[in-house]
Amino acid sequence: MITAFLTSCHPFCVIRRLLSSHHKNLSRNIPPYGNPDRSFMELSQKFYESMKTCANVQSRPLARALHCQLITTGLDVSTFVMNNLINMYSGCGLIDDASLVFNEIELKNVFSWKTMIEGFMCSGRVLDAEKVFDEMPQRDVVSWNSMMSGYFRNGLLEKTVEVFVSMVRRFDCVPDAYSFSCVMKACAGIKNINLAMQVHGLAKKFEFLGDDSVESSMVDMYIKCDMPDVAESIFVKMKNPNMFSWNSMIYGYSKLYGAQSALKLFDQMPKRDVVSWNMIISILSKHGNVMKTLDMFIEMCRQGFRPNSMTYASVLSASTSIYELTWGAHLHARIIRLHQNIDVYVGSGLIDLYAKCGRFKKARKVFKEIKDHNVVSWTSLIGGAVHCGNEADAFSLFKQMKEVPVASDQFTLATVLGACCALKDLNPGTQIHAYSIRIGMDPSIPVANALITMYAKCSDIRSANRVFESMSHRDIISWTTMITSFSQNGNIEKARKYFDKMPERNVVSWNSMLAGYVNHGFWEDGLKIYVLMRQQGVKPDCITFVSSIGACANAAVQKLGTQIVCQAEKFGFGSDISVKNSIITMYSKSGHINDAEKTFDSIATKNLISWNAMMAGYAQSGHGNQVIDTFEKMIGSGMIPDHISYVSVLSGCSHAGLVSEGQRYFDMLINDHEIIPTCEHYACMVDLYGRAGLVDKAKDLIDEMPMEPNAAVWGALLGACRIHRNSTMAETALKNLVELDAEDSGSYVLLANLYTDSGNLENVSSVRRIMKDKGIRKNPGCSWIEVDNRVHVFTVDDTNHPRINDVYNALREIIRKIEETGMYVKEDGFGNKDSAYHSEKLALAFGLMSLPAWMPIHIMKNLRICDDCHLVMKLASRVTSRELVVRDANRFHRFKDGCCSCRDYW
C-alpha cells in the first residue's frame, strides 16, 4: 500500500501538499527521495533534524509522511533514526504509533527504552511506562531519571521518591545531580521535612553539595518544607548562587522575615529575570503592600522587562484588595494595548477586580471577551456575583457553567455555597451538597469547610457538625470554621471544647475563640484567651487587638485596655483604623470621653465606623450637642451616614432632651438619605418624646409604625411613664411587653415601682404575680470598680469582699453626711430589700476608701441605676468634693458638685 502510494506521487510532493505555510522552512530540510549519492550519516542527520522540528510544531500528517519517506530510504533499520522517530511521534501526541515503532526495533539500546518511557509518561500512560521500565534488560542513571521525572510530572510525588530509593539501594547505578534535583522537587511537593533531611544527607554522602543545580534544588526544597532558616544557611554558603536560588530565597525571606526583608534581598541580586520581578511583586501583593506593589510594577516596566500573566494577576490582586478601580482600569487598558488577547488568568483577575469594586456589568463584559473559559474564569464571575449581592445571578451562572459543560472544582462549589450563606437558604445549599457528593467533591477540604459554614449560617448546627465529623482530613480552617459555627449559634462551651482539641492553631483560630467570648458577653474569658495567646508566643494581628480592646471596653477595665493599646503600638497596629476605632469605643465606655476625642482626632482618614464610634460615645455620655456637631462635620466631610449614625444622633438628642433637633434628624433619615427606620430609630424617638413629657405623642408614633413595635420601643415608653407618673400608659406598655413574651425584669420592676410611688399596692402584688407565673426574676444588681490594677465586684448586701466591714462603715459615714444636708429622703422600691446597700453604693464607699482624693471614681453597673442611688451619688459628689462617674445599663452619669450630667433624665 505504501509502495503504491509512493509510486503514484513523488514523496517530496506529497509532503509539500501536507505542509501548511508555516511548515515551509521545515520542508527544505527533508531529504529528497531516491538520491543514492547521499551518505548514510548525512541522511540520518537530515531526518533527525526534520523529525525534531516536526515534533516541535506537532504536525501529525507531516510526522506520518516523514515515516513513509524513512521507510523508502531504508533507514528504518537504524536504531538511532528509529529512536528519534519514537520521540517525534510522542511529541506529536501519537503515542500508539511511537509504541509500534518501539516494538519494531530489533536492537534496542538504552536510549530506545528511555525514549519510550518518556513518551508514555508525557502522555499520562504511567502503567505502560512502568511496564517498559520493568522489561528493560539493563538500566543506567538516565533511565532511572526518566521514571522519576515522569512520575513527578504526573503528580505522583511518592512514586518519585520510591524510584530514587530503589536506585540507591541497587548499588549498580549511582544517582547524578539530576536525580537529586528531581527527588528534592518531590520532597518539596510532599512537604516531608524528615525525608528532605535524609535526601540532604545522601547528597552530602555522594558529594553533590558543591553542584549548583543540587544546591539550588535543596534551597527550594527547604523553603517549600517550611524550613526557610535551613534554606538560608545553605544559600549564604553558595559561592555563586544561580538565578533560581535567588528567586527561591526571596520567597524564603518573605516567609522567614517578611516582605521588607525579601525586598532587601531582591535589591542585592546581581541580575534579575522576569521570574524575579514576578516573585517580589507577588510577595508584596500578598502581604498587603499595595502601593509598593504598584511601584515595583512600574519599575519593572521601566527597566525593560515585559510583564506576563503572573505579573498582571499579582498587580490586579493588589488593586482589588483596596478596591482601587482607577489603577485596575489603567492596567486593563495597558493589557489591551500590548497584548492581542486577554488570557483566562488575567481575565479572571479583571473579573474579580470589577466585581469587588461594584462593577458587575463590566465584569461580565470582560468574561465575554475571554475566548476560552475555564473553571477559574467561571468561578471568578460567580464569586463576583456573590460579592455584589447578586445571589440569583450566581446560581444562574453556576447552572450555565454546568450546561457548557465546564467541570466544577472545589473552589467553584465553595463559592456557590457562599451564595447560600448570604441568602441563609438551606434548600439550595443541600442541593449543592448532594451535587458535590455525586461528583465526588464532598471529601475536599475547601468544599467541606464551605458546607460547615453554610449549615451554620442557616442555623443547622447539627448538619454542620455532621460534615465536620465525616471529614477524613481537617485543616486549621476546618477547626476554626466549626468553632465559629458553635460561637455564632450561642454554644460557647462546645466552641471552647473544639478549640482545646485542635491539633494546631494559628492566629485566626485564637481570634475566633476570643471573638466568641467577647460577642457573648464573656469578657473576662476573652481576656484570658488573649493572655494565654501571648504566653504561647502567638503573634497577634489587628483583629486580635480589636476584639481584646472591645472586651476591655465592655468590661470597663480601662487600665488593662490601656496596656493592650500599648501592645498594639508595639506590634505596629497602633495606626490601624480598626484598632483606633476600638480604642475610641473603649475610652468612651470607660467614661474617658476626652481620651476618646484625642484618639478620634489622631485618625488622619476617618471611616464611617470612626464617626459612628465617636458619636455613640458622646451620646452615651449625654453630650447631645457634641453628637450633633460631630454628625454635621461627618456630613460636611462627604461621608454618607448609615442607620447606625442615625441611632447615635437620635440617642444623643434623646439623652440631652433636644426634641426639635431629634425630629429634624428623624425626617432627614427618611427624606434625605432614604433609610428605612428600624425599631431602634423608633425607640430613640419614643424615648425622646417620653423624656420631654410628650408621652401621648410618643404613643401616637408607636401607633404609626409600619412594623410591629419590639420590646425596646415599649420599654422606652414604659420608662417615660415612670418619669412622668403615667400609670395608665405604663399598663398599656407592659401589656404589650407581656404579649411579646419579654423576659427582661427591668420593665416589670419599673411598673411596680411606679405603682409603689402612687401607693397602689394591689397592682404591685399583681406585677409580682405575673413575674412569678412567667418565671421572671429580678436580675441581681452588680457593680464593679478598678483599684490597683484589680477589678473589685460588689453585689447587693455583699458579704464576700475581704474588706466588706470597712466598706459598710464607710458607706454609713457617707449616708450620715448626706442626711445632714437635709436633701436626702431614703427610698425603698420594688425588689429593694434595703436600697442603702445597693451594689453601686458599696463600690462608691470602696472607691472613697481606696483611691486618692484627686482621682475621679469610675463605677460600672449591670442594671439601670435606681432613683435612690442616683440621689446618693449626686449628694456624695457634693459632700466629698469628688467627681463620680457611673456607667449603668443605659448611659453614663457624671456626678460633680451635687449635679449629674443626665440632668436627672435617664
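**Figure 1. Helix H25 passes helix H26 in a left-handed crossing.** This is a predicted model, as are the views that follow. H25 covers residues 391-403 and H26 covers residues 410-423. Their axes sit 9 Å apart, and the angle between them is about 150°. Angles over 145 degrees count as roughly antiparallel, so H25 is roughly antiparallel to H26. Who does the touching? On the H25 side you'll find Glu-391, Ala-394, Phe-395, Phe-398 and Met-401. On the H26 side, look for Thr-412, Leu-413, Val-416, Ala-419, Cys-420, Ala-422 and Leu-423. Sort the residues of this contact by class and you get 10 nonpolar, 1 polar and 1 charged.

**Figure 2. A cis peptide bond turns up between Val-404 and Pro-405.** Zoom in on the loop between H25 and H26, and there is Pro-405. Going from Val-404 to Pro-405, the peptide bond has an omega near 0°.

**Figure 3. Helices H11 and H12 also meet in a left-handed crossing.** Here we have H11 (residues 157-170) and H12 (residues 177-190), whose axes come within 9 Å and cross at roughly 140°. What does that angle make H11 relative to H12? The answer is oblique. From H11, the contact uses Leu-157, Glu-158, Thr-160, Val-161, Phe-164 and Met-167. H12 brings Ser-179, Phe-180, Cys-182, Val-183, Ala-186, Gly-189 and Ile-190. The class count for the contact of H11 with H12 comes to 9 nonpolar, 3 polar and 1 charged.

**Figure 4. His-681 is a buried residue in helix H42.** The helix runs through residues 679-691. Is His-681 buried or exposed? Its relative accessibility is 0%, so it counts as buried. Leaving out residues up to four places away in sequence, His-681 touches His-643, Tyr-646, Val-647, Leu-650, Phe-666 and Leu-669. Check out the polar contact too: a polar atom of the His-681 side chain lies 3.0 Å from the backbone nitrogen of Thr-678.

**Figure 5. Ser-59 sits in the loop between helices H4 and H5.** H4 spans 40-57 and H5 spans 60-73. Where does the side chain of Ser-59 reach? Follow it to the backbone nitrogen of Leu-62, at 3.4 Å.

**Figure 6. Met-227 is a partly exposed loop residue.** You'll spot Met-227 between helix H14 (212-224) and helix H15 (228-235). Its relative accessible area is 24%. Not counting residues up to four places away in sequence, Met-227 touches Ile-193 and Tyr-222. How far apart are the C-alpha atoms of Met-227 and Ile-584? They are separated by 41 Å, with the two residues 357 apart along the chain.

**Figure 7. Ser-459 has a positive phi without being a glycine.** The value is about 65°. Ser-459 belongs to the loop between helix H28 (445-457) and helix H29 (461-470). With 56% relative accessibility, Ser-459 counts as exposed.

**Figure 8. Asp-897 is another residue other than glycine with a positive phi.** Phi is near 55° for Asp-897. Look in the loop between strand S5 (892-896) and strand S6 (899-900) to find Asp-897. Asp-897 counts as exposed, at 57% relative accessibility.

Key
Residues numbered from 1 in each chain as written. Predicted model: local features only at pLDDT ≥ 70, side-chain atom pairs only at ≥ 80, totals over all residues. Heavy atoms only, no water. Helix = DSSP H or I, 4+ residues; strand = E, 2+ residues; numbered from the N terminus. Polar contact = N/O pair within 3.5 Å; in protein donor to acceptor, adjacent residues only side chain to side chain. Axes fitted to C-alpha atoms, helices over the stretch in contact; angles between N-to-C directions. Parallel < 35°, antiparallel > 145°, perpendicular 65-115°, else oblique. Left-handed = near helix turned anticlockwise from the far one by under 90°. Contact = heavy atoms within 4.5 Å. Nonpolar A, V, L, I, M, F, W, Y, C, P; charged D, E, K, R; others polar. Buried < 20%, exposed > 50% of the residue type's maximum accessible area, 1.4 Å probe, protein only.
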